[in-house]
Structure formats: structure tokens, C-alpha cells
Amino acid sequence: MGVLDEDHTGNTNDRLWAVAGIVCLLVIVSWPVVLSGNLSGRGASDDLLFHWPAIEQFADELPNPDLSDYPSATTPGYHLLLSPLVKMGIGHTGIQLIASFWTLAFFALLGWVIAARFGKGAIVLMLPMLGSMYVLYPGIWLLPDNAGWLGVLAILLFALQPASLWKTWVLSGVILWGLIWMRQVHIWIAGVIWLSAWLGSSDQTPTPMGLFSSIFERVGRALVALVCTIPAFAALVWFMLMWGGLVPPTFHDNHQGPNLATPGFILTQLAILSVFFAPMLWPMLKEAWKYQGVWIIFAAVVGGGLGIIPESSYSYEAGRYGGWWNLIGKFPVIADRSPIIMLGSIAGAIALSVWLTLATRRDAWIWIGSFVAFTLAQSANHASWQRYHEPMLLMMIVLILARSSSISQHARRVLFGSVVLGLVLGAVTINSMRSAEPIATQIKPIGMP
């Protein structure tokens, strides 16, 4: 599978040990919480108010579950796969343990790829993922997020392969079809499959000025890739026609956007995460400025527009709340615009341009396409929530690092940044869990986080 077979620093034995260590850490952190019966906080709230009832509903309706409306805003694949187990008599805790294997598989696959570059050091690079509540919670409670991220990761790995082949487009199309049954919002990654085909293999990858060179060959490949994604789009259209929208009828008033503040918010989050790798990124920014200053200025201008033009103050009604929004809400605003978002969006755009200097030309195209498509898809959601964005940003960062050939001299800085970021995110997660109230005291309306 191309990228999965590359061996840079970690030999097979080291990679296996790294994956085993990563999986063991995840089990040690998550399973005791499951077995303790912890039903407090946002993760438990979404579990018990939305996803568990949907699973139970389908279990009661088997073998013909009604998919026209149910208590979850996501497509029903996650719930359908677990419902027969509930029908067999497995209780909530047992289903939590079984569902946690989606997260274990996600960590194992990502860890295997990172270990190809960092060997056992992959355990360290995975600490931010382990510490992030937005990645950890779906490994504890019944949340379909990581089942979706596993599909996204698999398709990204195919797209990042140096050889672009029709077999990978077919496999990516199959994975995309399953992914849409888990999380309909991830239809955005179809564009990455098309882009991968358009670019071709590494030796066919164009410069920015040559993106439309060899037009007939590129269009031909892209059309084949597009055909491979038709089943996924057909599934999404089928759901939309049945629901009368992008989500089941119960949630029509809660998730359908757009939210124009989301691009600036995503860039601000990238800026915050990049701070922990500043000892590596800062000298790279100075070096990139000598040769790519125009592109850095262009990125800053785009980031400025995304951060300044739309309203970006804290607003519950506008879907701008939770996560970093809560901190943003404590600072003054200018004409309903947050200076933090305005500056953070510029910083995030510059940080993105520096991160891309670590990638090969083909990888950089894939990441640009992925970032744009992901951001557009998230902007279609009324809810601009950090939990929808942070896992993708963390995954992008570690994959860029894992595939870079130009960070050997910065390896210690990368590992140090990963440790500090993991500790900070872990502290936030621990504090959130310690202060969480039991679910019985925080019942919220359908569609709220």
C-alpha cells in the first residue's frame, strides 16, 4: 500500500512496538473510564441523548430499521453496525468497549505510518492525539467521530501515495461509500480523490503554473476517479431525499449552515497548535521567506480576509461557542469581530504555508486540496465547533512530519513539541472530565453539543 510500506527510520520491529505502545496507552487511558461507568460531561451527554438511543431504536426495529428519522444528526452506519449486538443483549458498557475498537484502529493505522519515519518515537508524536478530548472521548463514549476519521485517514494515505493508480481510486471510492454511511460531512474528501488523480504520480505533479498542463490526460484520470466516487454521492443523495436535508428531520433546525466564521476559526486553531512547534517552524519561516515570500504574503492576505470579513465574536445563536470560542468570548470585540480570530487567522495561514514547505510538491497539493475541501465542508455546518476541526488538524500535522525528509535536524524539537502539546491537551481533557456534571443534571435540547 505504498506509504504504509515505506521504511525511513523505523524498521518493521520498531513499528510494531510503536503501534503496540500506542494502542496500550489508549487502552490504559480509555477503558478504565468505560469500566468505571462514568456518565458525566459532553461525551456522555451526546452518547446517552443521541447515539445510544439511535442504536437502541435500530435494535428494536431490526431487521427493518427506519432510517427516515432517528436521534442522531449523523448518517446511521455506526449505529446500524452496533444495533445487532444490542439486540443480542449486550449492554451499554459492553457496546462502549466494542465501539472503542474504531479508535484503536485509527490510532494503530496512524501510529504505523508515523513509525515509518520516527520508529518508536511515534508514541511521542501520538501524545497530542491521545490528550485531545475531541479524539479521546469517541474512544470512551458512543460517538461516531473516530469511525469517520479512520475512513478519512485511509483515503488520505491512498491520495498521498507517490503513484496514482486506478486501483487506489477504486479502493478509495469503496472506503468513501462506507465513510458516508458513518459521517455524511466527510463527502469533502471525494475532492481529494479527484485531485490525486488530476495530479497523477510524483513525476507528473505540476507546478502552480502548470496545474492545467497535459489537460487531456489529467481530465481523463480525474473522470475515472469521479466515477469511483459516484456510489458515495448516490448514498448521500438518497439520505438527503429521505430526510429532506443534510440531516434527519429532528435536526433540521440545528446543523444546517452556513457559518462564515469557521475558516478563520480553523486557521486560528492551526496557529495555536503550531505554537508548540515554533522552535522548528520559525527558522523554516525565515528560510522560506527568502525564496517564497510572495506566497507567504498571499497566504497572510487570504487569512486576513477570512478572519476580518465575517463576524467572529462569541455567539451561541450563531454557532460560535464551545472550545476556544469560550476563551475568545472573554476578550473585547471590534464591530462583532474578535481580534483573536483576525490575528489568529493570519498566523494560521502563514503557519500552513510553512508546514507545506516540509512536504513534497505532490503532498503539498494534496494538503492544500484537503484543507480547502475540509474547511468548506465544515463551513456548511451552522455549528463551528472545535471538536469537528481539531482531529483533522492534528492528523495533518503528524502526517506532514511523518512524510517529511527535511526535519532530521529538528527531530528533537518535534518530539519536544509533541510532548508539551500532549501534556497541555491532556491537562485540558482531565480538567474537563473532573469538572463534568453527571448527565442526569445536564439534559439539553436535541442538536446541542
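Predicted model: local features only at pLDDT ≥ 70, side-chain atom pairs only at ≥ 80, totals over all residues.
**Helices 3 and 4**

I started with helix 3 (residues 77-87) and helix 4 (residues 92-118), which pack at about 145° with axes 11 Å apart. The crossing is right-handed. I then looked up who touches whom: Tyr 78, Leu 81, Leu 82, Leu 85 and Val 86 come from helix 3, and they meet Ile 95, Ile 98, Ala 99 and Trp 102 of helix 4. Sorted by class, this contact has 9 nonpolar residues, no polar and no charged ones.

**Cores**

Next I checked the largest nonpolar core, which holds 107 residues. Which members touch the most others? I got Phe 106, Leu 110, Met 280, Trp 355, Met 395 and Leu 401. Helix 17 (residues 386-403) gives this core the most, 11 residues. I followed up on Leu 401: leaving aside neighbours within four places in sequence, its contacts include Arg 117, Phe 118, Phe 277, Met 280, Trp 355 and Val 414. There is also a second, separate core of 11 residues, with Trp 52, Ile 55, Tyr 78 and Ala 147 among them.

**Aromatics**

I counted 21 aromatic pairs. I picked out Tyr 70 and Trp 243: their ring centres are 6.3 Å apart and the planes sit at 70°, so I logged the pair as edge-to-face. Tyr 70 is in the loop between helix 2 (41-61) and helix 3, while Trp 243 is in helix 11 (residues 215-243), so the pair ties together parts 173 residues apart in sequence. Buried or exposed? Tyr 70 and Trp 243 are both buried. They also belong to one aromatic cluster with Phe 58, Trp 177, Trp 181, Trp 238 and Phe 239.

Key:
Residues numbered from 1 in each chain as written. Heavy atoms only, no water. Axes fitted to C-alpha atoms, helices over the stretch in contact; angles between N-to-C directions. Helix = DSSP H or I, 4+ residues; strand = E, 2+ residues; numbered from the N terminus. Left-handed = near helix turned anticlockwise from the far one by under 90°. Contact = heavy atoms within 4.5 Å. Nonpolar A, V, L, I, M, F, W, Y, C, P; charged D, E, K, R; others polar. Core = buried A, V, L, I, M, F, W, Y, C linked by side-chain atoms within 4.5 Å. Buried < 20%, exposed > 50% of the residue type's maximum accessible area, 1.4 Å probe, protein only. Phe/Tyr/Trp six-rings, centres within 6.5 Å; stacked < 30°, edge-to-face > 60°.
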